[in-house]
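Subject: Structure for you to look at

Hello,

Here is the structure I said I would pass on. Please open it first; my notes follow below.

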Amino acid sequence: MTLAFDAVWGEGFAIDRKFEAGIHCLLGTLSEGPEKVLSLACGEQRPAHGRVTLDGRVIYSSPEARMQIAYLGPDPWLPELGSVSAALEMLDAIRNPHASSSRLLDSLERMQIAHLGARRPSELGRHERRAVLLAYLLGLDSLKVVLLCDPFTIAGVNQLALVERLHELASTAVVLLATDQAEDVQRLGAAAGVFSAGRLLEPKGAHALRPSEYGCFRVTCDQPQRLTLALQNNPAVHSVQAPLHTSTLEVTGTNPEQLSLAILGAINELGIQLYNLTDVPVQLEVLQAAVRGRVDGMYAAAYHAGWVAQQAQPWHAGSSPSGPGPTGYAPIGRAPDAQMAYSGQLDAGGRALPTAATLQQPTTDVSSAPSAQTPAQLGTGAGGEGQ
Amino acid sequence: MNDVYLGWVWSRSRLTRTWWIQSGGAALAATLFGLILEHRASPSSSRINTLLTFTLGLILPLLTWATASQLFPNGLFASLAPIATHGASRRGLLLGAGLRALSGATAIVLGSTVVVFLLGGSARAGNFGALLIGTWIAVLGAVAYTAWFLLGSSFGSRAQGRWVFLALDWLLGSSASALALPWPRGHLRNLLGGESVANLEQPAATLTLTLLILVYLGLTCVRTPR
């Protein structure tokens with residue numbers, strides 16, 4: 001099947017692309033393109049010009065096409081019925097009038113949110129509604145298109161099971177994810193198109209990246225916390241990642257020369273002992289920078305993280321990595337409970353494989369300490385294929 | 001059929017019980033206000049038609065306009081979009097949602113009509129025929145105005161069409177010329193014993209209003225993508 005865009009939805013905002021079965025990520029500030037693309041693809045909105053089709057049928061005006069599309073938006077709606085289960089049954093009846101309610105309950109149980117089934121839809125918060133809808137949509141059969149907006153931000157959802165299910169679906173369906181996190185692309189081992197100024201840039205493969213426009217340095221020193229604080233306010237620095245229990249920082253910026261000067265300047269100023277300063281490959285960092293609009297004129301990248309979640313838990317046997325919170329839910333937040341970290345194992349093709357154990361390692365604060373091994377290392381470990 | 005039911009259920013989240021209570025309360029208050037004004041102006045005359053003209057000519061349009069605004073605040077298509085993404089037909093959803101809007105508005109207008117009948121002196125005079133006539137005109141008017149403003153909701157990215165339709169009905173529908181033919185106001189006025197539109201008799205006005213309802217609904221359906 002083919003999901004084809006030939007659409008313009010505003011001044012300078014356009015997409016002209018065809019997607020076949022597989023996982024595709026739309027990377028960019030969500031409100032500046034990716035969300036809109038999903039909205040067009042599910043028929044929620046009509047493009048100002050052009051059209052979006054599924055196997056030649058215009059999605060906006062074809063209920064038959066929309067029935068084959070699963071869409072999870074940023075703030076989904078549930079019918080205001082007596083219970084969430086009843087609401088899902090009603091939605092399910094649109095696609096399949098003879099569907100059984102047991103299948104819906106199974107879907108909720110897989111995501112470990114069966115307890116929400118008895119609550120009233122109006123009692124659910126936005127995140128809970130998203131979790132319920134995600135569980136329902138991923139349990140649907142015979143889908144041709146799956147459109148998910150930032151699914152990894154939904155707390156309480158089993159991340160491993162989600163990845164596994166998306167890979168299952170991708171064998172027969174177009175799976176399109178909107179995200180502003182390059183880690184999500186890496187997590188799925190997906191191809192990514194980068195949004196820049198409202199346009200989906202043409203994927204050119206990892207070789208199209210231009211590292212010369214970008215800088216990433218690994219700094220090992222005796223006072224990483226002080227250095228982090230000093231660098232965070234420096235305009236030449238884009239991000240500072242500080243894994244826990246190490247003395248190594250990864251510092252990124254758009255201009256390598258300015259970046260190195262900023263690092264060395266801070267080290268001199270603070271009187272910090274520098275042990276090592278090396279530049280590192282930049283696949284993931286380039287994508288992250290592109291998301292934040294910090295790399296001008298960067299080509300989009302088809303990014304391949306290089307691993308396959310072969311050892312992830314099966315879809316039906318998933319469990320929440322961190323366990324339920326007080327409400328049976330993990331805390332809500334950007335950071336998933338399990339950061340996928342490269343364990344050092346390789347598959348037959350020489351690609352890095354995560355293990356269930358490493359995938360479930362919890363981290364304390366992703367914004368400041370993503371994991372013991374950073375996304376850059378993941379990209380490095382798997383980068384052979386992408387390059 | 002499921003789409004219609006889904007539209008009915010969906011509209012419940014927009015047209016809540018609180019909304020109907022507030023609307024009904026406002027309509028009742030306006031009706032009582034009209035009764036007081038009319039009583040002061042002509043305490044002894046038979047005034048059922050004047051009061052019904054006030055109810056159906058002022059309260060009904062405003063009520064149906066407000067109901068359509070509450071139901072489709074961002075316009076017809078944008079408001080139905082979140083459900084349509086699940087594969088439901090927008091036309092079915094529109095029908096279900098429209099039925100809820102219609103039933104609620106009709107109930108309120110009928111309530112106002114009964115209040116007019118009871119407090120306006122017709123009940124004491126035993127003039128139950130007036131109640132019967134007022135009832136069916138109220139129902140016809142509620143259907144006409146609901147269909148009219150549903151059509152208006154389909155114009156404009158923010159349903160600005162509703163304002164235009166309200167203005168057209170007030171400005172052009174108030175006259176007795178042929179310009180008033182496409183709008184509900186003049187025909188309702190005619191049915192209540194007021195000035196006729198283009199010299200149409202009351203049966204012809206009824207027929208015209210019925211045809212207009214079909215046209216409004218048909219146009220709304222055509223404009224609404226599946």
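**Nonpolar cores**

The largest nonpolar core has 123 residues, and those with the most contacts inside it are A41(A), V132(A), V145(A) and L147(A). Helix α6 (residues 128-153) of chain B gives the largest share of this core, 13 residues. Please keep in mind that this is a predicted model.

Leaving aside its neighbours within four places in sequence, V145(A) is in contact with L3(A), A41(A), L54(A), Q68(A), I69(A), A173(A), V174(A) and L176(A). Another core, of 17 residues, lies apart from the largest one; C216(A), A230(A), V237(A) and I263(A) are among its members.

**Where chain A meets chain B**

In the contact between the chains, 21 residues of chain A touch 18 residues of chain B. On the chain A side, α2 (63-67) and α3 (84-95) each supply at least two residues. The largest share of that side, 5 residues, comes from α3(A). By type, the chain A residues there divide into 13 nonpolar, 4 polar and 4 charged.

**A helix pair in chain B**

Two packed helices are described by the angle between their axes and the distance between the axes. In chain B, the axes of helix α2 (residues 17-41) and helix α5 (residues 90-119) come within 10 Å and cross at roughly 30°. Angles under 35 degrees count as roughly parallel, so α2(B) is roughly parallel to α5(B). The crossing of α2(B) past α5(B) is right-handed.

Which residues of α2(B) and α5(B) meet? From α2(B) they are W20(B), S23(B), G24(B), A27(B), L28(B), T31(B) and L35(B). From α5(B) they are G104(B), I108(B), G111(B), S112(B), V115(B), V116(B) and L119(B). The residues of this contact divide into 8 nonpolar, 6 polar and no charged.

Regards

Notes: Residues are numbered from 1 along each chain as its sequence is written. Chains are lettered from A and ligands numbered from 1 in the order in which they are written. This is a predicted model: local features need pLDDT of at least 70, side-chain atom pairs count only at pLDDT 80 or more; totals for chains, interfaces and linings use all residues. Two residues are in contact if their C-beta atoms, placed from the backbone, lie within 7 Å. Helices (H or I, at least four residues) and strands (E, at least two) are DSSP runs, numbered from the N terminus. Ala, Val, Leu, Ile, Met, Phe, Trp, Tyr, Cys and Pro count as nonpolar, Asp, Glu, Lys and Arg as charged, and the others, Gly among them, as polar. A nonpolar core is a set of buried Ala, Val, Leu, Ile, Met, Phe, Trp, Tyr and Cys residues joined through C-beta atoms within 7 Å. A residue is buried if 20 or more other C-beta atoms lie within 10 Å of its own, exposed if 12 or fewer, and partly exposed in between; C-beta atoms are placed from the backbone. Axes are lines fitted to C-alpha atoms, for helices over the stretch in contact, and angles run from 0 to 180 degrees between N-to-C directions. Angles under 35 degrees count as roughly parallel, over 145 as roughly antiparallel, 65 to 115 as roughly perpendicular and the rest as oblique. A crossing is left-handed if the near helix is turned anticlockwise from the far one by less than a right angle, and right-handed if clockwise.
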